[in-house]
Amino acid sequence: ALKIWKLLELKGKTEGWVLRIIGEGIHKTYLIEMAKSMQLQNVIWEERKDPRPYYERASIFLLTSIVEGWALTLTESAQMGVVPIAFDSYPAIRSIITDGHDGYLIPTKNLKMMANKLYELMHDKAKRERMALNGLQSCKRFTINTVMDQWKDMLNQL
């Protein structure tokens, strides 16, 4: 995410936007130092907290990990009207995001493409809002009643 942000900053394309990084982890100190050495602007570090207030204020969610099982943060963010951008690096991702409809899937480690899609959403409010609405609609397939019905049907077939 820091490298992607730097690509946008080099082109002068982050004005009015903030990269907010939420959470802890063993690499946090290293990443903060990395951001300082890259002289990144408008990067805010938050401790691990309830993500809901952040989703409520966010417009775009970046998932830059390349290994996940089921990225719950993608469904959480989409359910709050936040458009996700993620690397297309694990099978479950295609069950969560429909590329170009309710988010973007980026070929693994293609930072330049991720930066371009981030820029596109940052500067095209109509597209961002349309994709957010699509995400809200798509997430209905993950409601507890829908999932419980699927479990019930599967168990009845056994």
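What follows is a chat about the pockets, helices and loops of a predicted model.

Visitor: How much space lies in the largest pocket?

Guide: The largest pocket holds about 1,600 Å³ of space. Its lining counts 46 residues, and the closest to the pocket's centre are Arg20, Ile21, Ile22, Phe61 and Leu62.

Visitor: Which elements supply at least two residues of that lining?

Guide: The helices are α1 (2-10), α2 (28-37), α3 (52-57), α4 (72-79) and α6 (111-123). The strands β1 (19-22) and β3 (60-63) also supply at least two residues each.

Visitor: And by class, what is the lining of the largest pocket made of?

Guide: There are 28 nonpolar residues, eleven charged and seven polar.

Visitor: How does the lining of the largest cavity divide into nonpolar, polar and charged?

Guide: Six residues are nonpolar, two are polar and one is charged.

Visitor: α7 then. Which of its residues are buried?

Guide: Arg128, Met131, Ala132, Gly135 and Ser138 are the buried residues of α7. They sit on the same side of the helix, because they cover an arc of only 120 degrees around the axis.

Visitor: What do the buried residues of α7 pack against?

Guide: They pack against the strands β3, β4 and β5 and the helices α4 and α6.

Visitor: How far does α7 reach from its first C-alpha to its last?

Guide: α7 has 14 residues and spans 20 Å, close to the 20 Å expected at 1.5 Å a residue.

Visitor: And how many residues has α6?

Guide: α6 has 13 residues, and its reach of 18 Å is close to the expected 18 Å. Its buried residues are Met114, Ala115, Leu118, Leu121 and Met122. Seen down the axis of α6, these fall within an arc of 130 degrees, so they line one face of the helix.

Visitor: Why would residues three or four places apart point the same way?

Guide: An α-helix has 3.6 residues a turn, so residues with that spacing point the same way.

Visitor: Back to α6. What covers its buried residues?

Guide: The cover includes α1, α7 and the strands β3, β4 (83-87) and β5.

Visitor: What about α2, which residues are buried there?

Guide: Lys28, Met34 and Ala35 are the buried residues of α2. They line one face of the helix, because they fall within an arc of 120 degrees seen down its axis. The face turned away from the buried side carries the exposed residues Thr29, Tyr30, Lys36 and Ser37. The buried residues of α2 pack against α1 and β2.

Visitor: Which residues is Ala35 in contact with, leaving aside its neighbours within four places in sequence?

Guide: Ala35 is in contact with Leu2, Leu40 and Trp45. Ala35 and Leu2 are 33 residues apart in sequence, but their C-alpha atoms are 6.6 Å apart in space. The relative accessible area of Ala35 is 6%, and under 20% counts as buried.

Visitor: What is the relative accessibility of Asn42?

Guide: The value is 39%, so Asn42 counts as partly exposed.

Visitor: And Lys109, where does it lie?

Guide: Lys109 lies in the loop between β5 (104-106) and α6. Its phi is positive, about 65 degrees, although it is not a glycine. Lys109 is exposed, with a relative accessible area of 60%.

Terms used:
Residues are numbered from 1 along each chain as its sequence is written. This is a predicted model: local features need pLDDT of at least 70, side-chain atom pairs count only at pLDDT 80 or more; totals for chains, interfaces and linings use all residues. Side-chain values use heavy atoms; hydrogens and water are left out. On a 1 Å grid over the protein atoms alone, a cavity is a set of points where a 1.4 Å probe fits but cannot get out, and a pocket is an open set with protein on both sides within 12 Å along at least five of seven lines; lining residues have an atom within 4 Å of a point. Grid points are joined across faces, edges and corners, and a volume is the space filled by probe spheres set on the points. Helices (H or I, at least four residues) and strands (E, at least two) are DSSP runs, numbered from the N terminus. Ala, Val, Leu, Ile, Met, Phe, Trp, Tyr, Cys and Pro count as nonpolar, Asp, Glu, Lys and Arg as charged, and the others, Gly among them, as polar. Buried means under 20% relative accessible area, exposed over 50%, partly exposed in between (1.4 Å probe, protein chains only). The expected span of a helix is 1.5 Å times one less than its number of residues. The arc is that of the directions from the helix axis to the C-beta atoms. Contact means heavy atoms within 4.5 Å.
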